[in-house]
Amino acid sequence: MVAADDRDTRADVPEVEVSEAQIAVHWREEPYYYPSAKFIAQANAGDPAILERFSEQNFPECFRVYADLLSWDAYWHTTLDTSNPPFWKWFVGGRLNACYNCVDRHLAASANKAAFIWVPEPENEPTLALTYQELYRRVNEFAALLRDFAGVKTGDRVTLHLPMVPELPIAMLACARLGAIHSQVFAGFSGAACGDRIADAESKVLITMDGYYRAGDLLDHKVKADEAVARAAQQGCTVEKVLVFRRHAGQYASKSPMVDGRDFFVDDILPQFRNKLVAPVSMPAESTLFLMYTSGTTGRPKGCQHSTGGYLSYVAGTSKYYLDIHPEDTYWCFADIGWITGHSYIVYGPLALGTTSVMYEGTPTYPDAGRPWRIAERLGVNIFHTSPTTIRMLRKVGPDEPAKYNYHFKLMTTVGEPIEPDVWRWYYDVIGKGEAVITDTWWQTETGGFLGCQLPALAPMKPGSCGPGVLGVFPVIYDENGEVVPPGSGRAGNMCIRNPWPGVFQGIWKQPERFVQTYYAKYCRNPESKDWRDWPYFSGDGAVQAADGYFRILGRVDDVINVAGHRLGTKELESATLTVPEIAEAAAVPVMDELRGRAVEMYVTLKPGVAASTEITEKVTKAIETEIGKIARPKSIWIVSDLPKTRSAKIMRRILAGISNFTDVGDTTTLANPEVVEEIRRAVQKAK
Ligand code: PRX
C-alpha cells in the first residue's frame, strides 16, 4: 500500500532514529580458517596474478576479464562511460543477447547437459532435468507466444509473479530473448504488492501460475493475480493479458475464475507455437534486462534497473571466481528466484557459465529437516548457497541431519544478512563437514552481484566477516562527515564503494532523482564532476573494518529492516497498518531475532473510543499480509496509549526499539510526552 502522499519522488535520505546497525551486537575478532590444498588446486581463481589484473591502476579495463566470458554480437568501444554521473554506462557500443548467452551458445558442447534440475515438493513427483536443448526449445516456444499471442515487444515490461517452478526462468529468458524487460515479483508477495509493481512498471502482461506447493499445501496463487490486476487498474494501468501456467497440466488448482479475453492458460495456447524459433534480439549493452523491486525509506518500492551487458558480465565473473563454478559442477542456490540472489546466482550467472543449476519447490524442512541433504546426495550437488536464516533454521530442527547423508560440498556461500560466528562454525563443521570453503558474500539488490567477499582460494575465511572488497571493487567506510574511518580503528561507519562496477544498477525506474539522492548525494564531492572518484556509492549499511581489511556488516543504517534476508521498509509496514480503520498511529521497529536475524515489532495507538483487543492486532497482521505479504508479518504488535514523540510530533522509533530490544532508550528529555516511555517499557517488557 502506498499512501497518496508517498507517490512522489521523495528521496530516501536517511533521517533515522533507529536502525538495524544500531542494535547490532559487535562480535569479537575471529581466527582465520584456511582453504584446503585440494580446493586451491582446482579453483578458478588460484593464481594471485588475478589480484594484480584487477588492481586500481587497471580499473575499469580490468572488467574486460568478465565481459570476455560472454559472446558479444558487437564489441564495445568504451568500457566505462562517466559522462552523466552517476548514471554509469558499461561496455558502450557493445551488443549482445542475454538469453543467447545463457542458452543457445551452450548447445554446441552441452545440449544434453542439465541446465536446471528442478525438485518438486511432492516426493512422488519426478525430479525434472531440463537439458540445455530442452530449455532452448521451451524458451523459444514461450518467446514466440509472448511475441505473437501476447504482443510483447522489445523494451516492454512484463511482470512475472511465479513461484519456484521451471516456468519462471523460462519466462525470464524468453523475455530476455525478445529484449523485453522482465519484472519478477516474489511469489510470496501479496496481490496488492504485485499490483503496485505492475502499475509502476506499466506492464500490460502478467505471467502467473494457478498454484504451487509449500509445506504440504497446494496454495491458490491465481487469486493474487486478480487482486494485482485490480490494484494496478486503480493506478491507471490496464493489464491486457494474464498468462496462467498450470502446476499440473490440464488441471486447474485455483478457485479464481478465468476472466474471458484477459486470462489464458499457457498450456492451451502453447501447442500453436510448437518448435517455433525466435531469433534472439541483439541488444545494446546498456539496455535494461530486468527490474527488481526493493524497499527503501518511503512507501513506494524502488524498481532497480539492471543492464544487459554490465550485469551479465558481472554475474558471470563473480559466479566464476567467488562461487568457483566450473561447467561440470552441480550448483544449488537455496534462494528464491523472486529475489536478486536468484536472478544473479540461480539463473543468469550459473547459466552464463553453462553449469547445472538446481532449483526446488517448497521449503527446506518439509517433510523433514533431512530434505536438503537427501537432495544434495541424490543430485551430487558440490556447491551450496544459502542464507544465515536457513542455516539457523536447519540447525534448530535437525542439528545432526547432514551427517546422515553422503554428499560433499567444495564451496558454500552465505548471503543476505550478517552471520553469527557460532552459526558460521556450525555451517562449516556440520553442513560443510569441515571440507567446504565458505564465502560470505555481501551485496544488495541494487548492486547486481557480490561486492564484499574473499577470493576463496587466495584468502582465508573469517567467521562473521564478508572479507575485503571483491575484484575491482574498492569499498570504504565513511563517517557522517565524509571522513574515512580507518581499518582497525574499531569504529563503525557507513559502508560505501569508491568506484562504479559493471553490475551496479542503472537507476530506479522512473525515479532518477531518488536514485541520485539515495545512493550518491550523501558522499558526492562535486556534483559537477564527471570523475567517478567524486561519486562514491552509499550502500545504506553500517560496517566496521578490521586491520586486515576485512569488513563486518552490521546491518542497515536507514529505515529498512532486513528480516530473514528480506528487505522491508518501515514506512511500508506503517502504511499497511494504517489501513486498519481503528489505528491512529503506527511505528515499526527492528528487534533482534534468534532465527531470522531481525524481526519487526509494531507499536500502534488506537483512535479515540476504540478499545484494545486481540481482534485489532489480528486486523493489523491481516492488513500487513494483504498489503505486503506473509513474510512481513510482525513478531509482536503492541497497542499503547501514546507513542513517544518530539515536540514537533515526530515519532521516536529509537526509544521503542530500545524497549523492544531491552537496550538503552537514550535521551528522553526532549520528548513532548516523556511519561509514556516508562509506561510502555513496563507493559512491553513484562509481556516479553
Ligand atoms: O544489509 C545488507 C544485507 O542485505 C541487504 C541487501 O538486501 P537485498 O537487497 O534484499 O539483497 C539480498 C541479497 C544480496 C544489505 O544492505 N546483506 C546482504 N548480504 C549480506 C548482508 N549483511 C551481512 N552479510 C552479508 N553477506
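This is a predicted model: local features need pLDDT of at least 70, side-chain atom pairs count only at pLDDT 80 or more; totals for chains, interfaces and linings use all residues.
I started with Glu202, which sits in the loop between helix H9 (191-201) and strand S8 (205-209); helices (H or I, at least four residues) and strands (E, at least two) are DSSP runs, numbered from the N terminus. Its phi is near 55 degrees, positive in a residue other than glycine. Glu202 has 16 other C-beta atoms within 10 Å, so I logged it as partly exposed. My scale: buried is 20 or more other C-beta atoms within 10 Å of a residue's own, exposed is 12 or fewer, and partly exposed is in between, with C-beta atoms placed from the backbone.

Residues are numbered from 1 along each chain as its sequence is written.

Next, Phe91 in strand S2. Phe91 also has a positive phi, about 55 degrees, without being a glycine. Is Phe91 buried or exposed? I count it as buried, because it has 31 C-beta neighbours inside 10 Å. Most residues other than glycine have a negative phi, and most peptide bonds are trans.

Then I looked up cis bonds. Pro85 to Pro86 is cis, with omega near -5 degrees, and Pro86 lies in the loop between strand S1 (78-81) and strand S2 (89-92). Tyr366 and Pro367 are also joined by a cis peptide bond, omega about 5 degrees. I found Pro367 in the loop between strand S17 (356-360) and helix H14 (371-379).
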